[in-house]
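I opened the notebook to record what I looked up in this model.

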Amino acid sequence: MALKRLGGPSRRLLRQCSSMPTQRAFFSCAAANPILPLQYASSKPSPVRTFKFPATRAFTSSAIRLATSQEPPNTKSYLASGAFASGETQLVDVKRVLVIGSGGLSIGQAGEFDYSGSQALKALKEEGVTAVLINPNIATIQTDHKLADEVYYLPVTPEYVEHVIQKEKPDGIMLAFGGQTALNLGVQMQRMGIFEKHGVKVLGTSIKTLETSEDRDLFAKALKEIDIPIAESTAVNTVDEALEAAESIGYPIIVRSAYALGGLGSGFANNPEELHNLSARSLSLSPQILVEKSLKGWKEAEYEVVRDGNNNCITVCNMENFDPLGIHTGDSIVVAPSQTFSDEEYHMLRTAAIKIVRHLGVCGECNVQYALQPDGLDYRVIEVNARLSRSSALASKATAYPLAYIAAKIGLGYTLPELPNAVTKTTTANFEPSLDYIVTKIPRWDLKKFQHVDRHIGSAMRSVGEVMAIGRTFQESIQKAIRQVDPKYNGVQGDKFDDLDEELRNPTDRRWLAVGQALIHENYTVDQVHDLTKIDKWFLYKLMEIADAQHELEDIGSLFGLRKELMLRAKQMGFSDIQIAQCVGATEDQVRARRKGMGVKPFVKKIDTLAAEFPAETNYLYTTYNATSHDITFDDHGTIILGSGVYRIGSSVEFDWCAVNATLSLKAQGKKTVMINYNPETYSTDFDTADRLYFEELSYERVMDIYELESASNVVVSVGGQLPQNIALRLQETGKAKVLGTDPLDIDKAEDRQKFSQILDSIDVDQPAWAELKSVPEAEAFADKVGYPVLVRPSYVLSGAAMNVIRSHGDLKEKLLSASSVSPDHPVVITKFIEGAQEIDVDAVGSAGELLVHSVAEHIENAGVHSGDATLVLPPVNLDNRTMARIKEITQKVAKAWSITGPFNMQIIKADDPNGGQPALKVIECNLRASRSFPFVSKVLGTNLIDIAMKALAGVDVPKPVDLMAQKRDYVATKVSQFSWGRLPGADPFLGVEMASTGEIACFGKDLVEAYWTALQSTMNFRLPLPGEGLLFGGDVSKPQLAGIVDYLQPLGYKFFAANQEVASHLESSAKDGCTVTVVDFPITDKRALREVFREHNIRGVFNLAHARAETQLDQDYVMRRNAVDFGVPLFMEPQTALLFARCMSEKIPLKKEGVIPSEVRRWSDFSGGYVLGPMA
């Protein structure tokens, strides 16, 4: 781009926007004390930094004059000043762009890609470019018509994407916003010549650059060309090559997979035996692996870099891992900006990042990961992600720099100096954010949900979500983050361990608890913990300060002995009211009252990416006790919407869809909105979703702080899943907050299992036999009376936590103790479990007890599979009109009994009458809030249920009741679950009453077969077994579906195998037309030999229909299921869905023809009959 000769003011402005500053002051945890440039600072921060709580921030007089007298940089003025020769920028000539989504949420590829893809769509919309999206994830904002002009709910595979290209004829495609799924797809389609064939331009980073960054051998060669150090490594394609490379490099080594996400297939090996097993598994997931020298114990850092087509290049954010190298960054605690790097280290890595990104030719956003020697200036590049990554969403939220949005604009041809920063509104995009706060990210794991799972964390990611906390000190930030991960934690704390040293040395998902236990309760020194964990001593000293403060509070032991100075100091270190209460023997309410009486209250600050050098125009807010004034005034008196918090199994992006739609609906009504949420992966925490965004905890304390500061009109608790529900009653009764919608007292009557059952009895709605548990003998007596199996159901839980089907006296005591530990303040109910029943999901909206709208979806699986894991069909294909009318009547009764205003959801089981009468309909659960299926039913039915619910809550334009289920539709949609079994070593892939899936997808079709056929192929890494390949069978021979599957598939020419003679004989004798089943050798304890069995017989699909989850890891069915997952082979382990997919294969495979577009390749608007789901973003 040609630059004109500039006058003095313009030159100064350009210097402010320079991409290569020579000095940089970034802030330590004591935000008021910047780390000075190198010539003024020591080369390494001291292990302990003296921490003071300044009354005011310290600025020089010149800085004060600058802030008060100089006009802030202004983008419009900058462009008008003549810095550019007008018309020099050449935008890419595209009118219609295909955006590739990431599919269902999974471990390693979650909601952050919904956020980044949404930003890309927003950028296209601004430019008037038609956006066509292909993404089967129906739970997301991205797949609304709010952002994309056309949406295809289809598998993200070359076959289906080419069909969409043939139909839509786009002239451009964006691959950088759909995670590894989109990147791998683009590389594959380029090699197939599809883009060239159809004249489609790849926008942004080129395929060549993507290949270089992903192919480990090409990547190593590219970095050597510019003298950037990487770990000594060799790219290999076979196990023997891996063993040979390791002998040359020397053990210990790490294996990394090419074209893999979240460290999938990676791991450490200390000897040839470990390497053989690891590399064999890795090569089943990826065509190439890198064998490299292990640097475990070094520091790990990341830099987010942006480069445009004119070679302008900036680093937007640098992040430092709390945990040393060896733990995947997605599983590590991360802080931004870095806290322990010297200025020299910081600039060394920054310079290298820019050099790498320019050499590779990245055009857009890029993530560079480093290993840094802990006691020197040596470093290695670990990897480069030449796309939007998981860290990009975190960096965007941490710096208020919208990376995905800017990357999309760059992909269209814009340059950084041309683009205004959409958040700050006073700078161009060609600047590097400078922070006066610290952000802490902590992962959320749900490993305890899975039987036999290995809970160690390492180079392969296993967390399902993450939180982001903002504070002025590291202590304040990390304590907030810990509470955000799970409300049961109050801050830095410990737990009991059988072998604490082992836990510290070899980390699991409980590592931070082990560190807390060592420092707080076991009198370990910082040096001892460092020697065991290799965590930098700076972090450990800060945690020790928290431990010391806790001991000081405990020594006082009385609330009335607590003076204001210590109260303030504790709050500045991130202590919650309940944390202080536990230390001094008081209640949370007592501490809150005394604290407020002392005048110790939080202040509200803006996320200031200009470090107070210029005014920041942003609605990104956080609270802190390390301040003396507010950054905002409180004149809006808006409506607070409580978000869903961290993504976890049972509460994921579908609740963010609900929260965002609630916010947009209220804004459309003219109301001011205030969002409280702390999840950096979400659209709800984007800068322009709500009028104000608090990146804060969803605790009673923090919500009431914000409610009181804002003098809020009311609060919405019904769209964020279970977390807001759990504090709703207290917000109203103790905090005197006005809760919009259903009265929290009525919510309590639905959440409390005993109250719930009693009300159902009173309105003559059937339910399974139940009793409240008071003792194990009473439970045994009840089970004897109604007969096994029975179901234990705790109150106030999400995703079936601690729910158990119990089939014998032997299991009863153990399972009851487990249920009681989930919600000790609420009763536990035992119910009769009805086997073989069908489950039905009802989503609805009420207004003052009147039913406004409802949806009825049926499950494919029988009752006993959690509704979050089940396959939903809408409209239902197996429910007659009489049953539908009875369901509506039950829904109306429930709405009236609980005086429901707003969204609610019910689960009903349909049990056939053995005497031929009408089936029984029994209500098993009712949630007086939006459910995870609200996005699905809203999009399938073309009616936004959340928009209706918000109108009911506000009492504005409340629509008249309408029966959506009475309308006839010529299509069916199926919602299937996305599982992440491959990320959970040892876990048994078996479905039960406790939820196991990490995401969901949905597809449409003219009938059930077409919809399910498409949906299952949309799950991640699904490879359809082809005729002539081998299928392995196992499980319970009493299941009639086993033979039914063979009947469907035999005509297609598959080869059938079984692991034992019993299964083989059953199939051969039960198949309609007979069949031949070969019994294979099935080594249970030798994984390597079993892999050879799969390879020798070309086994490409496994059908294992067991009756129950395995008790041991030596169970043959467990070994079959587990290794199908480990070998990357499709596993069908649920009888009804396995039979249905066999039917799909029998009907659809014969119809597959080269060059013919299948009938399921249709726009969502073609199915739904138009463009739906306003209000607009």
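I started at the end of helix α20, where Gly-574 follows with a positive phi, near 90 degrees. Helices here are DSSP runs of H or I with at least four residues, strands are runs of E with at least two, and both are numbered from the N terminus. The model is predicted, so I keep to its limits: local features need pLDDT of at least 70, side-chain atom pairs count only at pLDDT 80 or more, and totals for chains, interfaces and linings use all residues. Residues are numbered from 1 along each chain as its sequence is written, and side-chain values use heavy atoms, with hydrogens and water left out.

Next I listed the buried residues of α20 (564–572): Leu-566, Met-567, Ala-570, Lys-571 and Gln-572. Buried means under 20% relative accessible area, exposed over 50%, and partly exposed in between, with a 1.4 Å probe and protein chains only. These residues pack against α15 (474–485), α19, α21 (577–584), α22 (588–598) and α24 (700–710).

Then the cores. I use nonpolar core for a set of buried Ala, Val, Leu, Ile, Met, Phe, Trp, Tyr and Cys residues joined through side-chain atoms within 4.5 Å. The largest has 244 residues, and Met-174, Tyr-401 and Leu-642 touch the most other members. Helix α19 (residues 537–556) gives the most to this core, nine residues. Another core, of 94 residues, lies apart from it and includes Tyr-160 and Trp-1013.

I checked Leu-642 by contact, meaning heavy atoms within 4.5 Å. Beyond four places in sequence, its partners include Ile-676, Leu-698, Val-715, Gly-720 and Leu-731.

Which aromatic pairs did I look up? A search of the whole structure gives 28. Rings of Phe, Tyr and Trp (its six-membered ring) pair if their centres lie within 6.5 Å; planes under 30 degrees apart are stacked, over 60 edge-to-face, the rest tilted. Tyr-153 and Phe-1004 have centres 5.6 Å apart and planes at 35 degrees, so I logged the pair as tilted. Tyr-153 sits in the loop between β5 and α5, Phe-1004 in strand β36, 851 residues apart. Tyr-153 is buried at 3%, and Phe-1004 is buried at 2%.

Tyr-971 and Phe-1167 have centres 5.9 Å apart and planes at 65 degrees, so this pair is edge-to-face. Both are buried.

Last, charges over rings: NZ of Lys or CZ of Arg within 6 Å of the ring centre and within 35 degrees of the ring normal. Lys-122 sits over Phe-687, 5.4 Å from its centre. Lys-296 lies over Phe-268 at 4.2 Å.
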